[in-house]
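Here are a few friendly notes to read alongside the model. Please keep the structure open as you go.

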Amino acid sequence: MSVSLKAKIAEVFEEPGCDKNQGKTEKERKKGCTKQLNPGAAAGGCAFDGAKIALQPVVDVAHLVHGPIACEGNSWDNRHSASSGSQLYRTGFTTDINELDVIYGGEKRLFKSIREIIDKYDPPAVFVYQTCVTALVGDDIEAVCQRATEKFGKPIIPVNAPGFAGPKNLGNKLGAEALLDYVIGTVEPEFTTPYDINIIGEYNLVGELWQVKPLLDALGIRILSCISGDGRYNEVASAHRAKVNMMVCSKSMINIATKMEQRWGIPYFEGSFYGIGDMSDTLRQIATLLVKQGAPADLLERTERLIAVEEARAWERIAHYKTRLTGKRALLITGGVKSWSVVAALQEAGIEIAGTSVKKSTKEDKEKIKEIMGDDAHMIDDMTPREMYNMLRDARADIMLSGGRSQFVALKARMPWLDINQERHHPYGGYEGMVELVREIDRAIYNPVWQQVRIPAPWGDDGETLGAVPTAAIPEVPAQGMGFLADIAAKAMGLEPEEIPV
Amino acid sequence: MASVVESKKSCTVNPLKMSQPLGASFAFLGLDACMPVMHGSQGCTSFGLVLLVRHFKEAIPLQTTAMNEVTSILGGYDNIEAALLNIRKRAAPKVIAICSTGLTETKGDDVDGYIVTVRKRKPELDDTEIVYVSTPDYVGAFEDGYKHAITAIVKALVKPLPVKADQITLLPGSHLSPGDIDELREIIESFGLSSIVLPDISGSLDGHIAPDWRGTTLGGTTLEQIRAAGGSAFTLGVGEQTREGAEALREIAGTPLEIFERLTGLEVNDRFLQRLAQISGKPVPAKYRRQRSQLLDAMLDGHFYTGGVKVAIGAEPDLLLAVGGLLHEMGAELRCCISTTKSPAHALLPAEQVVLGDLEDLERGAADAGCDLLITHSHGRQAAERLNKPLLRIGFPVFDRIGNAHRRMVGYRGTMDFIFEIANLMIDQIVHHHPGDWPLTPEAAAAAAPSAGAGCCGTPLTPTTLAEASA
Ligand code: SF4
């Protein structure tokens, strides 16, 4: 491992803002996220993957992956981070090194690749990602990038996070380090306002940022830069002029928030866009910090008024589903903040939480779960797919909410499933998003297909051997009156159900 | 016919290609009770897994030896041993199939040697077969990985057996879907022959609801079947990528072989059925005679929509030949052909040139040649959008469509399905015309104007000149 990368990793582990790390002993911290994974029983992405996830949502730059075809060829065009403009970030650039490059080194090819990209696509910057093989053969991407920056007069940014350095979350942080070292603070914004904020750690998956931005717009708050969802190179480069940083609770890029505080004195807070209460808290925190930083005090009042209106509207729209969802049980298999932040909305709709995973949760996350649900009976530490399968098959939950990896556990048990992680197609951010989530749950549970797929084969060799839900356990689906149809019709017309005249 | 040129670019833009270990894992997924393992850092496995899941919409068993920087430098023996033991304990597969990656190849891990050592040290693995194939990421492509995996399976597990006259081995290329494999098996069995399909993703990835939750593949070629391949009377391969495996079978068990360069199209299927009739000594069943005439009819109905259509195709070599060959026979022009790796299949393609390149080459080539139709995997959607041309999705990965496991492109029936698919897509493109669609050129309009005399003096026609002229 190059000396600079080693130093970086050590630095990231010292992160004061990451209480997961601070909770560890000195020795544990040294081991940090590079703890040996279990061969043959490991899952998850590599550090390169993490760095790419963190930075690719900067939409107008070219993201060039330096390595054999595996890293980019097997992974590009895989995520739903939305852009309001440039589509360049969706283009897959890779040096696709060959045997000769492995023997003689791939630096020349890398340099030429950068030149080709600049000639053909002329982006404001190129991000160059290190990967395992090129790191192992000793390609010095920092040096190549420096030379290319001088030669082409454009920022060429090295992102030194080869896959074998560690898991995905380490990669997120190493990606963030690249921004701190080479990007943030290098460009001055055209103008500043007392209402400028940065949002850090928000990737604008399926456009979730746009469910929140109108709220900020209405208050006159400007997102100077979002790191990195729907980001632009120049915005990120001028992020150091913001008045406040919001850290979206997944702590993936906490190092940006803490270092910006050290370097430019920008205060930060951690907030979330998931869940109604959290959304309101987030707005309050932004307003409070901005006022502290010199924004006019009426911002606080305006914020409260906006919150009151939005919350009332959201609760009312969720209540609409109450009769249909009361008593349904949801199994929530997700990470960190989402394991509790959506719970309030689900409970408001009458849904019981059959269990929520806490595998990736911090101590605070767990506290919050206890607070909301009364006890810790619902916390699931680690569940094997087989246990999930059995739980669903025995109908101890009516729906599973999880990431794509475990979707088939539910589907094969012939139970409804909803994606709430990164490959989902529906945005669940802000007040809008929570209503959307409840609507999606309703749509999933009440799909008549569940009754169909649970019909045992008439010849009897199917239902039991194939592990179908026992007939007795099939939840009664209430008679579907016009209400149900109206819902569908409304959706088809792009209206709210309540907007449909009866 | 086509000559092969390699793209001169240093930077690959929008890759068409995927890596060897992924192709090899794909093959291993066609073995029953198997756990494929990538010997490398965990990201490679994770990326491969995501692609496979998105294409098949199935849970996919795939593991990693989880190499990190230190173990990569020290060598991966410990990780391989740990992975084998862990997998054995957790999922109890019958076969563990390991493929190397760029990382472990660069280091030069001697996996064959490691396996010998593990065998000696760990008797608890005695009931588990271990297959290994070398698949560096920086050489070849998906199809090459698949090809080497078949050969590795054959070499590791097949021994000569007394020949069974009515048993044949079918080696499907990686471009065949589970639906394709089922189709071929049905054809073969209709001649009274039994078939061993190697590898058989129709058992494992055909999208069915399995009785329980297992950690390994659920179906596919069983160990017994693989071993029994040593007694087959004949090996049939579909696609050039199966030749190496078929030749390995011939070397080990003396089995004669024939490789069909594709099974999409009329004439190739005629040859296929003829061959089966010859091996079995039975006539071609009535069902297929009927299907042949249905295909003829489909070709006649379809040719209106495919004739003269200029297409751009990006695909792995064998798939490129299957699709390009049929389209050529249906009157389309192969204007831009992009592939991933070298293969004798390219020589058979009825096109001028095959470029070993990426989807940027496809996009530019299609634009330059004014192509009407793009054909490639799902990653082509951005290019199709930009060019405003229809995209026919083929191959792997097709992650934005469902039903990939059941899509059929081989046999008379599969060829017919595919013709309908293309023709229907082209029917959607038929332009509906409007009154203003054919404006005259200004010159023509001027020439046709009433005061041609005035026009010849260069005076523009105005209402006044018109009035004067008529006065
Ligand atoms: S683990 Fe290494 S080689 Fe594999 S995808 Fe990640 S960076 Fe690439």
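Which elements of chain B do the buried residues of α11(B) pack against?

1. First, some housekeeping. This is a predicted model in which local features need pLDDT of at least 70 and side-chain atom pairs count only at pLDDT 80 or more, while totals for chains, interfaces and linings use all residues. Residues are numbered from 1 along each chain as its sequence is written, chains are lettered from A and ligands numbered from 1 in the order in which they are written, and side-chain values use heavy atoms, leaving out hydrogens and water.

2. To the question: the partners are α7 (142–157), β7 (164–172), β9 (232–238) and β10 (257–260) of chain B. Helices here are DSSP runs of H or I, at least four residues, and strands are runs of E, at least two, numbered from the N terminus.

3. Helix α11 of chain B covers residues 243–253, and its buried residues (under 20% relative accessible area, 1.4 Å probe, protein chains only) are B:Gly245, B:Ala246, B:Ala248, B:Leu249 and B:Ala253. Viewed down the axis of α11(B), they lie within an arc of 155° and so line one face of the helix; the arc uses directions from the helix axis to the C-beta atoms.

4. Just after α11(B) comes B:Gly254, with a positive phi of about 70°.

5. Over in chain A, the assignment, automatic or from a database, gives domain 1 (42–183), domain 2 (196–316) and domain 3 (326–424). The centres of domains 1 and 3 of chain A, taken over C-alpha atoms, are 35 Å apart. Between domain 1 and domain 3 of chain A, contact (heavy atoms within 4.5 Å) takes 7 residues from domain 1 and 4 residues from domain 3.

Notes
Buried means under 20% relative accessible area, exposed over 50%, partly exposed in between (1.4 Å probe, protein chains only).
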